Amino acid sequence: MVMILYIANKINRKDGEFPMANVTENSIFTKEKTISFEVFPPKKDDDFASAFSVLDELGKLSPDYISVTYGAGGSRAGKTVEIADYIENKLGIPSIAHVTCVGGTKESVSAVIDSLKQVGVNHILALRGDRPADMTDEAFNAREFEHASDLISFLKQDPSLHIAGACYPEKHFDAFSFETDLRYLKAKQDLGAEYFISQLFFDNDYFYDFTDRAEKKGIKVPISAGIMPITTPKQIGTIVTLSGSSIPKHFADIIAKYGESPEEMRKAGIDYAIRQINDLLSNGVSHIHIYSMNKPKVTAEIMAGLKA
Ligand code: FAD
């Protein structure tokens, strides 16, 4: 364990090599090791009671933080604030609020940030977001923030905020090349991102290649590996479309083998996520982000299967 931690630190947290301007006091982004979860706010207002009980269950697993997604284009931003408030203040677990900028203005983003700060949430995952389907060309072309890097620069004017950004082991689907994607990732770090959370992936080799290339490019802040448990074959179609992540053959074979049997598929999907995370941990990765999909039982089974 000690050796794993030592290697992990060497790989992900080279002390003294951080761009120090990015490291601010009392930030969860300075932790040497993190296991975190992602949740989404309920789609309907009357689902909040069950959302809170999901959070209570996830909280019992003692993650280092829980991040809360943001509706496309900023719709239902108040719900992100409400869920982040519950995590931070009722559960006493640090919360990261995702904030996207594609459909926002400086004024609207500032209003959301003020609401988050009022409830004590000052860790933000600063994202561009995807163009909402109902956004006109005129509104899109006149948007105040073009990229996540513009949002990061804007948010870094407030020294009380701790900022993370997103990264893509298989490259962002819009990116011209791996090279340009990494260049813009480095810009996010240079503008003040203190930590990156990766898009989900099902083949760890993508993550290892990506972190090697990121390191060569001068990216020194921690990169958390995003893992999503797939427990139904139906999830696959949606996830591949939304994330652009590829399905390696050995995982496709598992889905083909167990896809018709819900119980076996659930177990196989959880086992796959456990094996992925344990492999990452054994290879010195010290930050893991589980896309919990608001499923506390699945998340608990994964946590129980992890190497100490
Ligand atoms: P950017 O960093 O702006 O990158 C987008 C594209 O533009 C990339 O191809 C990049 O190479 C390129 N680029 C970046 N900077 C520049 C530049 N300065 N000049 C030219 N090109 C540039 N979406 C939501 O709506 N809500 C969420 O809560 C949410 N949470 C997410 C959490 C994680 C961990 C991840 C990985 C994604 C999440 N997303 C979420 C999806 C995200 O909004 C989309 O992937 C979006 O398409 C890109 O956002 P970004 O912040 O990575 O954008």
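1. Angles under 35 degrees count as roughly parallel, over 145 as roughly antiparallel, 65 to 115 as roughly perpendicular and the rest as oblique. Axes are lines fitted to C-alpha atoms, for helices over the stretch in contact, and angles run from 0 to 180 degrees between N-to-C directions. Helices themselves are DSSP runs (H or I, at least four residues), numbered from the N terminus.

2. This is a predicted model, in which local features need pLDDT of at least 70 and side-chain atom pairs count only at pLDDT 80 or more, while totals for chains, interfaces and linings use all residues. Residues are numbered from 1 along each chain as its sequence is written, and side-chain values use heavy atoms, with hydrogens and water left out.

3. H3 and H4 pack at an angle of about 15 degrees, and their axes are 10 Å apart; the two helices are therefore roughly parallel to each other. In their contact (heavy atoms within 4.5 Å), Ala77, Val81 and Ala84 of H3 meet Val112, Ser115 and Leu116 of H4. By class, that contact has five nonpolar, one polar and no charged residues, where Ala, Val, Leu, Ile, Met, Phe, Trp, Tyr, Cys and Pro count as nonpolar, Asp, Glu, Lys and Arg as charged, and the others, Gly among them, as polar.

4. Helix H3 (residues 77-90) also packs with helix H2 (residues 48-59), here at an angle of about 40 degrees and with the axes 10 Å apart, so H2 and H3 are oblique to each other. From H2, Phe48, Ala51, Phe52, Leu55 and Asp56 meet Lys79, Glu82, Ile83, Tyr86 and Ile87 of H3, and this contact has seven nonpolar, no polar and three charged residues.

5. Helix H4 (residues 106-118) packs with helix H6 (residues 148-155) at an angle of about 60 degrees, with axes 12 Å apart, and H4 and H6 are therefore oblique to each other. Lys106, Val109, Ser110 and Ile113 of H4 make the contact with Leu151, Phe154 and Leu155 of H6; these residues divide into five nonpolar, one polar and one charged.

6. Turning to the ligand, 25 residues lie around it, of which Asp130, Tyr168, His172, Asp181 and Lys188 come nearest; a residue is counted if one of its heavy atoms lies within 4 Å. An oxygen atom of the ligand is 2.6 Å from an N or O atom in the side chain of Asp181.

How values were computed:
A polar contact is a pair of N or O atoms within 3.5 Å; within protein, one must be able to donate a hydrogen and the other to accept it, and residues adjacent in sequence count only if both atoms are side-chain atoms.
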